[in-house]
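User: I would like a close look at one part of this model, with the cut-offs spelled out. Please keep it brisk.

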Amino acid sequence: MAIIELTNEETNKYIDELYACFPTGREFELFLNSFLTTLGFEEVVTTQYVGDKGIDLTCIKRGFDNNGIDTINYYVQAKRYARSNKIQAKEIRDLKGTTKRDRNGNILNSNYVNVFITTSTFTEKALEEANDNPNMPVITIDGKQLLQYCIEHKVGFNFKPVFSPKDIVMLTQNNQVVGTITERQTDYLVEREITKNDIRAKILVLPRIIKEQLTEVKELYSVVFNGKERQLKMDKSGRYFGGVTELYKTFGLLTNEGIFVSKTAKWKIVNNKIIVDLCEETCDEKNL
């Protein structure tokens, strides 16, 4: 479903309405518990309201790298602020300081990420503070980004369908039927979106039609991802490849700030190699 871009006035109106949904910061924290679960995080826990030492929620996300399963711990601070009340650099520094040690005083390992979520915005100094140390990353989600996530995951929004004859015509022109398979007018077999959830989980999901074309089942496959050839490991179920974090970072699907950028990829098989080429525009751009 294509989502029409909101105007600045509409965005601000919805952010204010979102802020007003929570009488106190506690209600905002409880909302984020369900919200993070909707986004695919696991073991989401809202900490006790008093004495939480700056950590409002904790959760984990399981991904895959060359060594197999890679579980990352997330420590979340939530601030229910009006749009005019911006997050300052000191609040980012305080979050970093809080998560250096756990509640028992033990030094945390490097396998964690700080997240700061607000209904407001961040000052430039706060964003600089969030990005100044790659060894202690802080993901910042402001009111506008939070609103966008809500729209993408249908949280708090009801959508009225809008018919687009232009899209119907484009689909008719771009596709042709060959046997029982609908293919683009190229040698690619299929297009599939690499979603934000795929990127977050550090996996490359294998389209069904590509899986059916594979002549043998093995652990490692030669995959040419946007021109870079890699030997990627397939999971036991044959559903996805792991070890793609470097590729996602190289081609802009995963930014240094930890932002996930979904893109459409075109797939084909040539000389027993799986070819995956990214479309030039992101999926969000295509849907505007």
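Which residue lies over the face of Tyr-188, and at what distance from the ring centre?

Analyst: Lys-268 lies over the face of Tyr-188, 4.5 Å from the ring centre. The criterion is NZ of Lys or CZ of Arg within 6 Å of the ring centre and within 35 degrees of the ring normal. Lys-61 is placed over the face of Phe-41, at 5.7 Å from the ring centre.

Numbering runs from 1 along each chain as its sequence is written, and side-chain values use heavy atoms, with hydrogens and water left out. Mean pLDDT is 82, and 81% of the residues reach 70 or more. Residues 176–185 stay under 50. Where pLDDT is low, the predicted coordinates should not be read in detail.

Next, ring against ring. There are 11 aromatic pairs, counted for Phe, Tyr and Trp (its six-membered ring) with centres within 6.5 Å; planes under 30 degrees apart are stacked, over 60 edge-to-face, the rest tilted. Tyr-221 and Phe-241 have ring centres 5.9 Å apart and planes at 65°, so this pair is edge-to-face. Tyr-221 sits in strand β10 (residues 220–225) and Phe-241 in strand β12 (residues 240–241), 20 residues apart. Strands (E, at least two residues) and helices (H or I, at least four) are DSSP runs, numbered from the N terminus. Both Tyr-221 and Phe-241 are buried. Buried means under 20% relative accessible area, exposed over 50%, partly exposed in between (1.4 Å probe, protein chains only). Ring pairs also link Phe-22, Phe-28, Phe-31, Phe-35 and Tyr-149 into a cluster.

Then charge against charge. The structure holds 14 salt bridges, each a side-chain nitrogen of Lys or Arg within 4 Å of a carboxyl oxygen of Asp or Glu. Glu-129 bridges to Lys-96, with the closest N and O atoms 3.2 Å apart. Glu-129 is in helix α4 (residues 124–131), Lys-96 in helix α3 (residues 89–98), 33 residues apart. Both are buried. Arg-93, Lys-96, Glu-129 and Asp-132 are linked in a salt-bridge network. Glu-152 and Lys-196 form another bridge, with closest N and O atoms 2.9 Å apart. Glu-152 belongs to helix α5 (residues 143–152), Lys-196 to helix α7 (residues 196–201), 44 residues apart. Glu-152 has 23% relative accessibility, so it counts as partly exposed. Lys-196 has 16%, so it counts as buried.

How values were computed: This is a predicted model: local features need pLDDT of at least 70, side-chain atom pairs count only at pLDDT 80 or more; totals for chains, interfaces and linings use all residues. pLDDT is the predictor's confidence in each residue, from 0 to 100. Contact means heavy atoms within 4.5 Å.
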